Amino acid sequence: MKRFSALSLVVLLSTSAYAQEKSSISGNQSPPSAGAAATAPEEVRIRALEEQVRTLAEEVALLRGELKTIRDTKPADPTTGTRLLLASTRIEPGVLPSSTSSTAPPIPAPEPQLAQTQSYGGATSNAKLLNPDISLIGDFIGTAGRNTISPSRSLELHESEVGLQAIIDPYARADAFISFGETGVNVEEGYVTFTSLPAGLLLKVGKMRAEFGKVNTIHNHALPFIDRPLVSNNLVGGEDGIDDAGISLSRFLPAPKNWFLQGTAQVYRGDSSDVFTSNRRQDVSVVGHLRLYRDLGESTNIDLGGSYARGHNTAGVGTTFDPANFLTNLYSADATLRWKPLRRSIYHSFLLRNEFFWSARDQLSPLNVFQTQHAFGLYSDAEYRVNRRWTLGGRFDRSGRATNASLTDTGFSGILTYWPSEFSQIRGQYRYGHLWDVPNDRYTNANEFLFQFLFVMGAHGAHPF
Amino acid sequence: MRRTKMTTRISAILAACALIFAFVSPPASRADSKLRIMTATTDLAALAQEIGGEKVDVESVARGYQDPHFVEAKPSFLLKLRHADLLIVVGLELEIGWLPPLISQSTNPKIQVGAPGYFDASRFAKILEIPTGQVTRAEGDVHPLGNPHYWLDPENGLRIAKGIRDKLSEMRSSDAAYFAQRYDSFEQRLKQADEKWLAEMKPYAGRKVVTYHRSWPNFAEHFGLNVVGYVEPRPGIPPSPQHTVELIGQMKRDGVKLILVEPYFDLKTPNSIARETGAKVVVLMPSVGGEKEITDYFKLFDYDIAKLKQAFDTTK
């Protein structure tokens, strides 16, 4: 509006100025007594005035052009984040005269890119303006076969995960993942990441999956298998894992050349599934993680990690002992080898991962004596991408139980994944388990076939490597 | 009691750890005063090098022979990004699958989206194939903001270079004259080279070709090629038998003699199409560094045009 009034002002001024000049010219011309000598400077003046009028007219045209540019570009700014750039740098039309028939107009024409964005992409960009990236991932699982220890439903929409991700301000971004399951709604993660802290610190605050090993950090839909390994269920809280409200601080640490070393320290409230329970406010749990990574070549790399977690458990609640004395200490070590040839990265890749867990859980023995139960578990999995659409995988599982380490469950799985596109996948998994049957006091075998359909709507941000 | 003590002790240790994190390694002091530039792709690195000359250190995340849609966000890239003064990206959601986590984990405030050190090259280029009407993934992996392979038009190369010149001058005003001089030289050389390239391609103007992915619209527009079909049924969707049969029919009808394939796609389907139609498969390089000899922006076009000329001449 301001621009418009300025424009009309210029137009008005120029026309009135022109009119004035005209009248003064005619006024000067009327007396016939004026000598020939006087006409020469007169003409010079007229020419100067004409020149002035022309400049004014050009200015009007220029302003009009600019106004048009502004109108054209206003609804078209597609990414809010890059506005600064647009403002600080001037875009000019193409300058290679030899290549295209030069159509450089006398007035600065709107840059072709902007004009195009305006006429075609406008609606889409507008819809996204300032809205977070929204996605929904549907995870449908079917199970057939025999499993008397931990039976799952025949068919279920296991989870619908809504993801909301956005840049909050110049200093932070936020990610929220809300999972709608068969039994209710759960904020799986919801945290803000401060990306611009001094001293290379990365701070996350909110509810998040703890940086404890590898599989604990992975969302259900991003798992290499339909289910989580046995050891997750036995020792580290199952599907939800260590997922709690807390604060996380991480930093790159000095390391030898070409090695990547990162340390993470996290403090949580102390309530995570059945692993940690906070009986008092001060019963916070802590998690520490060290990650060491190195490229062994452009296609191959190795990723090592060590983690520690500590929190309170419920073993002392309702006994004569002080519940505050019952702790669970968890340790884990993980090693991943990845191979992906860059020239054929969408066709072939290989991943081998091993993860080991140790649990030390304070509890009461059947004779009501305070004891610490030491349990160990591991999984080892391998995935191979056969071609653009098919991936093969296998996993070996072995784990003691947190409350009774002498009961060891064993299992293995084979999986075949088909990718119609990047945005959906179809899987079939065979799972065998040699599991301890507590009520009958003996081992029993489970043989199951699982299948899964995963689909992604909207823009789901990339997962960490 | 013992346990409570341990809790406090552990908390103290953790706090100490946090402090050590913060102070143990102060940000590495910079001996040289070169600007550190990271780019998403090698083409942007080549352009930044043209303008920055010896006043900059430039490195690309993706390699020239790699599919820029699918780069892995390896932690080793974080080590490079954390010290960068400037990050140049292709934009238009080309890097959406891998760059955002790298940026947010880099702990480098300078290159965060919207910060002065974040430079989206698509802002300066002429963008083609901006989808009209409704945009859905029924169209495959569409880019709602337009085709991101825009660097394959020398005119866009020059526009981006100009943007880089302005950005570098803004960051290092003391070297503005140097960058301006380098840009002028680049402009002059590029215009000369472009005249030569256009002259070389002129005899083949309007020739019909098929490409694997939609990587070449800017190239085709600039050099007068006519892209009439794609090996992919939709962007990002692998070839399907039905589409391949249709494509073979279309190529026979239209007399298409060339199938252009990027170096990161499998040649099985293009080869079988070529056998059926008598066409020739040409692996063209969409990026600097796709082959060892393609060391800069000029050699990229030199290479591709030489390949095309040779292919056109042998398939008359």
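I'm calling two residues in contact if their C-beta atoms, placed from the backbone, lie within 7 Å. By that rule, residues 24 or more positions apart account for 57% of the contacts in chain A with a separation of 6 or more. One caution for these notes: the model is predicted.

**Entry 1: both chains**

I looked up chain A and found five helices and 16 strands. Of its 465 residues, 30% count as buried.

Next I turned to chain B, which has 10 helices and eight strands. Buried residues make up 52% of the 316 residues there. I ran the contact tally on chain B too: for contacts with a separation of 6 or more, 62% come from residues 24 or more positions apart.

**Entry 2: one alanine in chain A**

I picked A:A360 and found it in strand 11 (residues 349–364) of chain A. Is A:A360 buried, partly exposed or exposed? I get 16 C-beta neighbours inside 10 Å, so A:A360 goes down as partly exposed; buried would take 20 or more.

I then checked what sits around it. Leaving aside neighbours within four places in sequence, A:A360 is in contact with A:N329, A:T372 and A:H374. I also noted A:T328, which is 32 residues from A:A360 in sequence but 5.7 Å from it in space, C-alpha to C-alpha.

**Entry 3: the two domains of chain B**

Where they meet, I have 27 residues of domain 1 of chain B in contact with 25 residues of domain 2 of chain B.

Which helices of chain B supply at least two residues each to the domain 1 side? I noted helix 2 (42–52) and helix 5 (154–171). Helix 2 of chain B gives the most to that side, with five residues. Sorted by type, the residues on the domain 1 side come out as nine nonpolar, nine polar and nine charged.

**Entry 4: helix 2 of chain B**

I find 11 of its 11 residues buried, so helix 2 is largely enclosed by the rest of the structure. The buried list includes charged names such as B:D43 and B:E50, along with B:L44, B:L47 and B:I51.

What covers the buried residues of helix 2 of chain B? I wrote down strand 1 (35–39), strand 2 (56–60) and strand 3 (86–89), and also helix 5, helix 6 (176–201) and helix 10 (297–314), as part of the cover. Just after helix 2, B:G53 takes a positive phi of about 55°.

**Entry 5: helix 8 of chain B**

I went on to helix 8 (residues 241–254) of chain B, which has 14 residues. From first C-alpha to last it reaches 20 Å, close to the 20 Å expected at 1.5 Å a residue.

Technical notes
Residues numbered from 1 in each chain as written. Chains lettered and ligands numbered in written order. Predicted model: local features only at pLDDT ≥ 70, side-chain atom pairs only at ≥ 80, totals over all residues. Helix = DSSP H or I, 4+ residues; strand = E, 2+ residues; numbered from the N terminus. Expected span 1.5 Å × (residues − 1). Buried ≥ 20, exposed ≤ 12 C-beta atoms within 10 Å, placed from the backbone.
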